[in-house]
Amino acid sequence: LPILAEVNGRSWLVSPDGHPFYSLGVCCVHSRGYKARGLGYSPYQRNILAKYGSKEAWAKATHKRPLDWGFNTLGAWSSGEVHMPFTVNVGFSGRHWLKGKMPDFFAPEFQQSAAQRADRVSKRYRDNAALIGYFLDNELQWHTDWRLGRPLFESYVALPAGAPGKRALVDFFRKRYGN
């Protein structure tokens, strides 16, 4: 498993034998799959159980596959069934983007929620030697795309005048444009 080492005042991931470690990962490696709408079950999970007989047998076969394809790390939404170095998505936005709603990142409530989330996630993984890092969030709605709701900027413009995010946006424009 990679370790963190300091080289010339900078932190680097290195292999246990001291060579530089460049993490190249793939996300969503797990045996459960996703439930298909209308079916109420995961066809993927049923197929892997039919093919391999157990999650453990699937994990053993799957462990080699990413390595053969040049990946050396599992990204977020992967399970611990396949034993490789991995990363975790903390998801500070609270995954509201799935509903088209973003939190007010400047509000004290968000700061409290983020601190609680970071504490919960870090406690879950702090003793796992295969964890090489966290990323803060994923697929924030910077602009209109396939998800519901408006882009992040429009969400902040629509906040009430006294909302912390709206005040931060107005302050930003005042500093940049003077009025």
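The dialogue below sets computed values against the definitions behind the labels.

Tutor: Please note that this is a predicted model, in which local features need pLDDT of at least 70, side-chain atom pairs count only at pLDDT 80 or more, and totals for chains, interfaces and linings use all residues. Residues are numbered from 1 along each chain as its sequence is written, and side-chain values use heavy atoms, with hydrogens and water left out.

Student: Why is Asp137 called buried?

Tutor: Buried means under 20% relative accessible area, exposed means over 50%, and partly exposed lies in between, with a 1.4 Å probe and protein chains only. Asp137 has a relative accessible area of 18%, and therefore counts as buried. Asp137 is found in the loop between β6 (131-135) and α4, where helices (H or I, at least four residues) and strands (E, at least two) are DSSP runs, numbered from the N terminus.

Student: Which residues does Asp137 touch, not counting residues up to four places away in sequence?

Tutor: They are Asn89, Gly91, Phe92 and Ser93; contact means heavy atoms within 4.5 Å.

Student: What makes the approach of Asp137 to the backbone nitrogen of Phe92 a polar contact?

Tutor: A polar contact is a pair of N or O atoms within 3.5 Å; within protein, one must be able to donate a hydrogen and the other to accept it, and residues adjacent in sequence count only if both atoms are side-chain atoms. A polar atom of the Asp137 side chain lies 3.1 Å from the backbone nitrogen of Phe92.

Student: How does His30 stand against these definitions: buried or exposed?

Tutor: The relative accessible area of His30 is 4%, so the residue is buried. His30 sits in the loop between β3 (25-26) and α1 (43-52), and its side chain reaches the backbone nitrogen of Gly33 at 3.3 Å. Neighbours within four places in sequence aside, His30 is in contact with Tyr44, Trp58, Trp77, Ser79 and Glu81.

Student: What makes the meeting of Lys64 and Asp68 a salt bridge?

Tutor: The term requires a side-chain nitrogen of Lys or Arg within 4 Å of a carboxyl oxygen of Asp or Glu. For Lys64 and Asp68 the distance from N to O is 2.8 Å. Side chains of opposite charge can pair when their charged atoms come close. Because Lys64 and Asp68 are four residues apart in helix α2 (residues 55-68), about one helical turn separates them. Asp68 is exposed, with a relative accessible area of 52%.

Student: How many salt bridges does the structure hold?

Tutor: It holds two. Asp119 and Lys123 also meet in a salt bridge, at 3.1 Å from N to O. These residues are four apart in helix α3 (residues 108-125), so they too are separated by about one helical turn. Asp119, at 37% relative accessible area, is partly exposed, and Lys123, at 45%, also counts as partly exposed.

Student: How do you know that β1 and β2 pair?

Tutor: Two strands pair if DSSP finds at least two bridges between them. Five bridges join β1 and strand β2 (residues 10-14) in the antiparallel sense; in one of them, Ile3 has Val14 as its partner in β2. The two strands form a hairpin with two residues between them. Asn8, in the turn, has a positive phi of about 50 degrees, although it is not a glycine. At 80% relative accessibility, Asn8 counts as exposed.

Student: How are β5 and β6 joined?

Tutor: Four bridges join β5 to β6, and the two strands run parallel. Thr87 has Gly133 as its bridge partner in β6. From strand β5 (residues 86-89), Phe86 and Val88 point one way and Thr87 and Asn89 the other way, and all are buried.

Student: What makes Phe153, Val157, Phe172, Phe173 and Tyr177 a nonpolar patch?

Tutor: Patches are made of residues with over 30% relative accessible area and no salt bridge: like charges are joined within 9 Å, and nonpolar side chains (Val, Leu, Ile, Met, Phe, Trp, Tyr) within 5 Å. The five residues form such a patch on the surface, with about 490 Å² of accessible area together; accessible areas come from the Shrake-Rupley method with a 1.4 Å probe, and for residues only the protein chains shown count as cover. The elements that give two or more residues are α4 (152-157) and α5 (164-177). Helix α5 gives the most, with three residues.
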